[in-house]
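Hi everyone, thanks for coming. I'd like to walk you through one protein model today, so let me put it on the screen.

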Amino acid sequence: MDWNDLRVFLAVARSGSLTRTSAELRVSQSTVSRRIAQLEASIGMTLFQRHQTGYFLSDEGRELLRHAELVEDSVMALERGVAGLDKAPAGSVRLATSENLATDLIIPALPAFRERYPGICLEIITSTATAELGRREADIALRVVRPERGNLTVRRVGHMTYSVYGSRDYVARHPPIEGEPLGGRHAIVWDDGHAFMPAAVWLAREHPGCRIALVTSSLPAQIAAVRAGLGLAVIPDFLAAPEDFVPVIPSDRLFSNDVWLVTHADLVASARVRAVGDFLADQVMRTNPALSGRGPGA
């Protein structure tokens with residue numbers, strides 16, 4: 001049985017779509033269909049019910065899925081074990097983090113990293129969704145939420161504080177009503193798909209009746225909206241430009257997050273992964289006082 005056929009089977013079983021699978025695996029839909037047909041022919045079973053709305057597992061397909069996931073776990077463990085054997089800091093490293101940490105914290109420091117480690121090719125994955133390190137979606141991650149499960153090594157490297165900001169012009173034109181910071185002002189908020197974000201949770205809890213000027217799905221969009229004078233938003237302090245933004249509610253009245261460097265335990269000994277982790281912790285974080293790791297628990 002070809003592992004590549006099983007890999008395609010797993011992807012189709014999880015997505016239910018040839019289109020999404022071909023995009024995920026970067027192959028054509030005809031290749032995905034051919035590999036599924038090969039697998040079904042090799043074991044003499046129909047694994048999917050084909051419908052216009054997608055591919056749905058048959059009873060036999062559900063049984064194979066259970067075994068295929070065990071094979072996948074073993075293959076991933078093998079890949080991690082081999083990756084952890086490298087002694088020189090060279091090769092590819094996939095880093096998962098948020099867009100704002102990537103664009104405003106990590107990428108500006110990469111010239112120094114490239115000079116120090118020219119043999120490492122860094123791949124940065126930016127998303128609010130959590131990448132699965134166990135499935136090699138990433139080798140290392142920089143997160144503001146500490147993972148609670150998985151065979152992971154977790155290291156606290158910083159502390160992120162937040163404040164409610166508005167542009168200088170907006171704050172001057174919209175004075176607070178009756179001493180309420182958000183009174184008479186509008187807020188820029190996360191959409192429902194990001195209601196789990198700390199800023200969205202805090203705003204919904206502390207100011208549930210605030211007037212909304214704009215709903216977005218990204219932090220850069222919120223920062224741009226504040227700069228344009230549309231209203232107020234909860235923004236990490238290290239991203240707030242002091243010449244443009246005014247804190248309306250200071251950080252000591254909001255919340256804060258620790259910043260965690262997360263690595264799969266099998267990759268801790270990898271020279272290239274360790275080099276990326278040490279660089280993020282020792283060099284990048286030190287250049288940003290708002291992300292200093294010197295607070296409690298550092």
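Let me start with the contacts, meaning heavy atoms within 4.5 Å. Among those in the protein between residues at least 6 apart in sequence, 75% join residues at least 24 apart. A word on what you're looking at: this is a predicted model, where local features need pLDDT of at least 70 and side-chain atom pairs count only at pLDDT 80 or more, while totals for chains, interfaces and linings use all residues. Residues are numbered from 1 along each chain as its sequence is written, and side-chain values use heavy atoms, with hydrogens and water left out.

The secondary structure comes to 10 helices and 11 strands; these are DSSP runs, helices being H or I with at least four residues and strands E with at least two, numbered from the N terminus. Of the 298 residues, 45% count as buried, where buried is under 20% relative accessible area, exposed is over 50% and partly exposed is in between, with a 1.4 Å probe and protein chains only.

How do H1 and H2 pack? Helix H1 (residues 3-15) and helix H2 (residues 18-25) have axes 9 Å apart, at an angle of about 130°. Those axes are lines fitted to C-alpha atoms over the stretch in contact, and angles run from 0 to 180 degrees between N-to-C directions. H1 and H2 are therefore oblique to each other; on this scale, under 35 degrees is roughly parallel, over 145 roughly antiparallel, 65 to 115 roughly perpendicular, and the rest oblique. On the H1 side, the contact includes Arg7, Val8 and Ala11, and on the H2 side, Leu18, Arg20 and Thr21 are among the residues involved.

H1 also meets H3: their axes come within 9 Å and cross at roughly 110°, so H1 and H3 are roughly perpendicular to each other. Here Asn4, Asp5, Leu6, Val8, Phe9 and Val12 in H1 meet Val32, Arg35, Ile36, Gln38 and Leu39 in H3.

Between H2 and helix H3 (29-43) there's a loop, and that is the place of Arg26. Arg26 isn't a glycine, yet it has a positive phi of about 60°. At 78% relative accessibility, Arg26 counts as exposed.

Last stop: is Asn100 buried or exposed? Asn100, found in helix H5 (residues 99-106), counts as buried because its relative accessibility is 10%. Beyond its neighbours within four places in sequence, Asn100 is in contact with Leu105, Leu219, Pro236, Phe238 and Leu239.
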